[in-house]
Amino acid sequence: MGIGGVVSLLWFQRSLPPYVCKFFEMCLMVTADHGPAVSGAHNTIVCARAGKDLVSSLVSGLLTIGDRFGGALDGAAKQFSEAYDSGAIPMEFVNDMRKKGKLIMGIGHRVKSVNNPDKRVQIIKEFVLEHFPATPLLHYALEVEKLTTSKKPNLILNVDGVIAVSFVDLLRHSGCFSREEAQEYVEMGSINSLFVLGRSI
């Protein structure tokens, strides 16, 4: 069954296909802390060195999750799905967000760029394109990425973004959820839960 199978049963109350369970496990692996520099890991280390217990130290790190660190998954899922569902072409979506002065959640990275790709994004993207039955939102996001990276090379679809849009494609096209259920999971913030769990490892 594995961790992915446990997540499918406990979180979604159903046995999901093997490729979905594998996707969950891959998301947990790529979102696990991979160094002490990010805010979550830094806070956890500082609290632990100050003599706080395990749970307190972990929680101090998790509390840093927000729009600028990890919390972009739900925002990206909502922004991209709303734009796609409205019929806006990628250029219209990008221009509309710029006019509103809003950031596109799931786009951009401080270090990674088209010239220095994020391996985590590549791993998730390749798996999803190969195994998911349909990926319209991922393809939409990749078209958005072409536009944003033409303006600045680090405005890539980041790991939050690729997980978010892929998760929406999973909910909508796996055949395991109704459209209403899929929308409810997006609105309740379930996608961020993968990042929270990954950062708890």
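How many salt bridges does a search of the whole structure find? In this predicted model, the search identifies 6 salt bridges. One of the salt bridges joins the side chains of E181 and R14, with an N to O distance of 3.0 Å. This pair connects distant parts of the chain, its two residues being 167 residues apart. E181 belongs to helix α10 (residues 179–187), whereas R14 is situated in the loop between α1 and α2. In general, side chains of opposite charge can pair when their charged atoms come close.

The packing of two helices was examined next. Helix α2 (residues 18–31) and helix α7 (residues 119–131) have axes that come within 10 Å and cross at roughly 175 degrees. Because of this crossing angle, α2 is roughly antiparallel to α7. On the α2 side, the contact involves Y19, K22, F23, M26, C27 and V30; their counterparts in α7 are R120, I123, I124, F127, V128 and H131. By residue class, the contact of α2 with α7 comprises 9 nonpolar, 1 polar and 2 charged residues.

Technical notes:
Residues numbered from 1 in each chain as written. Predicted model: local features only at pLDDT ≥ 70, side-chain atom pairs only at ≥ 80, totals over all residues. Heavy atoms only, no water. Axes fitted to C-alpha atoms, helices over the stretch in contact; angles between N-to-C directions. Helix = DSSP H or I, 4+ residues; strand = E, 2+ residues; numbered from the N terminus. Parallel < 35°, antiparallel > 145°, perpendicular 65-115°, else oblique. Contact = heavy atoms within 4.5 Å. Nonpolar A, V, L, I, M, F, W, Y, C, P; charged D, E, K, R; others polar. Salt bridge = Lys/Arg side-chain N within 4 Å of Asp/Glu carboxyl O.
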